[in-house]
Amino acid sequence: MNKLFSIGFWSAVARFILRNRPLILIIIAAITVFMGLQWKHMRFTYSEANLLPDDHEVNLAYDEFLDTFGEEGNLIVMGVKDSTFFTPKVFNAWKSLGDDLQKNNAVDALLSVGNLMTLEKRTDATSFAMVPFIKDSVLTSENLKIYKNRLLYRLPFYDGLVYSPDKKTVRTAIYLNEDIVNTIARKEFVDQVLIPRVKQFEKDTGINVYVSGMPYIRTLNSQNIVDEIGLFIAAALFVTSLIFFFFFRSFRATLISMLTVLIGVAWAFGILGLLKYEITVLTALIPPLIIVIGIPNCIFLINKYQQEIKLHGNQAKSLQRVIAKVGNATLMTNLTTASGFATFILTDSKLLKEFGIVASINIIAIFLLSLFIIPIIYSYMSVPKNKHLKHLNKRWINGFVDWMEKMVRRKRITIYIASIILLCGSIIGIYNIKISGSLIDDMPQKKEFYKDIKFFEQEFEGIMPLEIFIDTKRSKGVMKLATLRRIERLQDYIKEIPEFSKPLSVNELVKYSKQAYYNNNPDYYQLPNSQERTFLLSYAKSSADNTNLLSSYVDSTGQYARVTTFMKDTETERFDRIEEDLLAEINKIFPKERYSVSLTGKAFAFQKGTKYLVNNLILSLSLAIFLISIFMAWMFRSMRMILVSLIPNLLPLLVTAGLMGFLGVPIKPSTILVFSIAFGISVDDTIHFLAKYRQELIANNWRIKKSVYAALRETGVSMFYTSIVLFFGFSTFMISSFGGTVALGGLVSVTLVFAMLANLLLLPSLLLSLEKSIANKDTFKKPSLQIIHGEDGEDEESSVEE
């Protein structure tokens, strides 16, 4: 009954498609135009992806910090390391550069040696005055030398701000308007103002300028993502069309397939715009993914059409059989692939959820496009000629098929031993896998801005902001001398951590106030003692009211303070130890009953987010395995077959995880997708093989060995062809400049090759070895859903080669 329903349903689908060809083409064209109109709603990400749920405690702490002190990632830094900096020509050019940038509305404040202000004690009031550091209108080599010595040796307040700890690099700090930091206006400032002006300075002076800071890094990194979308699409189209033409030797078939997947790509962009999702480093992979996954659909459909033409020459009958037979099989395989992506929807990570939604929708969409477009276009064309059908008689593939059959017949023990060795080696490798929560780990390492990041890491001991948020639980509690001393103890501890830069806090201003009170003698750059506290803090407070110096590090109520340090790119395991020790020290310094202290900042949230994604990886992969297991049990009505079918699909995942450990590829937001993607795609081979195996069992009156070998020969070629397409398709990701994308492409490609071999060698070997317990009539009951059916009561495989 089920079989008759399946046959009847797909025959009806075939009749509907072929009888309504103009209407279907008009609908597809209309949807494509509609999707094209949605492109204007596409948004490119202007900040790092938030890997944590909005209600996660780390996010809540970060939001509280932002509410108190505003955006912390608004700093751009420009650095120069050159012995000629303190000469009139270079110094004036640098000052002019800073002055020009400061005039732009995007800049809130700019701190540079050219516009530096210093504290001086006023004689007419109990406060300090801010006076220009550079007082001479005409700069000469002599007075610049004096200014240089004064800056580097008498103004410790600017150590780590304006000059590097080794006193060889000078930098300018640009604080962007918080309202534009995460908008396109930031990109416009960087692209149209900052970069051209910096290049002009370099041209005028011949001195290289290093530029970094989160807004700058985000802008250039986002632009790389945008640039690579087109590169990926072009590469995926070129590689898959080349392989397709190699298989079919037909320009017509190749062009039809390319048209189909290009419409799929247009829909993918349209869905991103329709849902108003940002294009991130993950969603940018969806268009080329659609090409890579869509081409195998085209291979199955076009190849079956040509097989039917070769068999009887009747075009109408051929097209109907293509839709009814291959459409059924490809629906099942596309559903399992979509299921692998759809499991990300169930995670709490917004980044993964959006990726899962768009990817799963587009996989089903490319299936429907293939099913509609290819038969309809061929129906308007002449019947393929004999030269277009020569590829069906390839002989070179027979050697591969013969080798597989020989291995399964005679060397099953060898297959098992090899599998066990791979399993053991993989387990060893898995123990070596590391987690990377670095913000810059996935950035293109050959790009100039990445080299600039490393420059500032070396010269200023860090670039990624880490914030320590202190709540004194009482108004004006920050400016108490006891609190200031506790902050100083914390800063002294942070200075001993090599991965952190010199910390900045309200203490720097208080110490600078004392130095200014004592006529700017650098020996007095220290916190006031109990006797000095009252008058020095009143001086500092009066100065803060006039100069707004305190607002960056103390809130308006005086209850909250921040300590800012900058991190080097640090391995997750090392950061975990630093965090543990730092929190322990904080608990010693700040009693919990009197203070509430938390670590926060974008870099800290990203570290925590990566760990959260690892837990979601386990969840999503478990869900994918569970859903596909239920799906296969429903199809084959055999719980025992689940175990046999999962082994050849789980082993490649373990091998890949082991390779990641041995090759030093860490778990991070990009590589975390490998397992669910690969599992969702590789299980398609298992479905094809088991479906054909069941057919052969029925046709051969439950003779197991004959059925296994027949299924192996029939499905082996189709698995080989599609695996080749998928391997080279995913390999195109390896041209990326993003390390994570390169790793994703390489790992998925390797996993799919192992999955193909496991399904062609290990799966049939298991069926033969366990034939008595799993391969009988009771085990293989009639499936709930007929996957592949023949005509006249005879099962037939819709594979690539007869």
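## A charge over a ring

A charge is said to sit over a ring if NZ of Lys or CZ of Arg is within 6 Å of the ring centre and within 35 degrees of the ring normal. In this predicted model, R21 lies over the face of Y380, at 4.5 Å from the ring centre. Another such arrangement involves R409, whose charged end sits over the ring of Y709, 3.7 Å from the centre of that ring.

## The chain as a whole

The protein has 802 residues, of which 59% are buried, and its secondary structure consists of 25 helices and eleven strands. When contacts between residues at least 6 apart in sequence are considered, 80% of them join residues that are at least 24 apart. The protein exposes about 32,400 Å² of surface, and carbon and sulfur atoms supply 58% of that area.

## Aromatic pairs

A pair of aromatic rings is described by the distance of the centres and the angle of the planes. The structure holds 25 aromatic pairs, and one of them joins W94 and F201, whose ring centres are 5.4 Å apart and whose planes meet at 70°, so this pair is edge-to-face. The pair links distant parts of the chain, with W94 in helix 4 (residues 88–102) and F201 in helix 6 (residues 184–205), 107 residues apart. Both W94 and F201 are buried, and together with F85, F86 and F91 they form one aromatic cluster.

Y305 and Y378 form an aromatic pair that is tilted, with 4.7 Å from centre to centre and 40° between the planes. This pair, too, links distant parts of the chain, since Y305 belongs to helix 9 (residues 286–312) and Y378 to helix 11 (residues 350–379), 73 residues apart. Y305 is buried, and so is Y378.

## Salt bridges

Side chains of opposite charge can pair when their charged atoms come close. The structure holds twelve salt bridges, among them one between D99 and K95, in which the closest N and O atoms are 3.2 Å apart. Because D99 and K95 are four residues apart in helix 4, about one helical turn separates them. D99 counts as partly exposed at 25% relative accessibility, and K95 is partly exposed as well, with a relative accessible area of 27%. A salt bridge also forms between K454 and E457, with the closest N and O atoms 3.5 Å apart; these residues are three apart in helix 15 (residues 448–460), and about one helical turn lies between them. Here K454 is partly exposed at 31% relative accessibility, whereas E457 is buried, with a relative accessible area of 8%.

The salt bridge between E467 and R562 has its closest N and O atoms 2.7 Å apart. E467 lies in strand 9 and R562 in strand 10 (residues 560–567), so this pair ties together parts that are 95 residues apart in sequence. Both E467 and R562 are buried. Elsewhere, salt bridges that share partners join E488, E508 and K511 into one network.

Leaving aside neighbours within four places in sequence, V401 is in contact with R713 and V717. V401 and F720 are 319 residues apart in sequence, and their C-alpha atoms are 9.5 Å apart in space.

S723 is found in helix 23 (residues 704–731) and counts as buried at 6% relative accessibility. If residues up to four places away in sequence are not counted, S723 touches D685, L752 and M756.

## Surface and loops

L423, I427, I430, Y431 and L654 make a nonpolar surface patch of about 460 Å². The largest share of this patch, three residues, comes from helix 14 (residues 412–430). I427 has its place in helix 14 and counts as partly exposed, at 39% relative accessibility.

K473 has a positive phi of about 65° although it is not a glycine, and this residue lies in the loop between strand 9 (464–471) and helix 16 (481–495). With a relative accessible area of 43%, K473 is partly exposed. N519 is likewise not a glycine, yet has a positive phi of about 60°, and its place is the loop between helix 17 (506–517) and helix 18 (530–547). N519 is exposed, with a relative accessible area of 63%.

Notes:
Residues are numbered from 1 along each chain as its sequence is written. Side-chain values use heavy atoms; hydrogens and water are left out. Helices (H or I, at least four residues) and strands (E, at least two) are DSSP runs, numbered from the N terminus. Buried means under 20% relative accessible area, exposed over 50%, partly exposed in between (1.4 Å probe, protein chains only). Patches are made of residues with over 30% relative accessible area and no salt bridge: like charges are joined within 9 Å, nonpolar side chains (Val, Leu, Ile, Met, Phe, Trp, Tyr) within 5 Å. Accessible areas come from the Shrake-Rupley method with a 1.4 Å probe; for residues, only the protein chains shown count as cover. A salt bridge is a side-chain nitrogen of Lys or Arg within 4 Å of a carboxyl oxygen of Asp or Glu. Rings of Phe, Tyr and Trp (its six-membered ring) pair if their centres lie within 6.5 Å; planes under 30 degrees apart count as stacked, over 60 as edge-to-face and the rest as tilted. Contact means heavy atoms within 4.5 Å.
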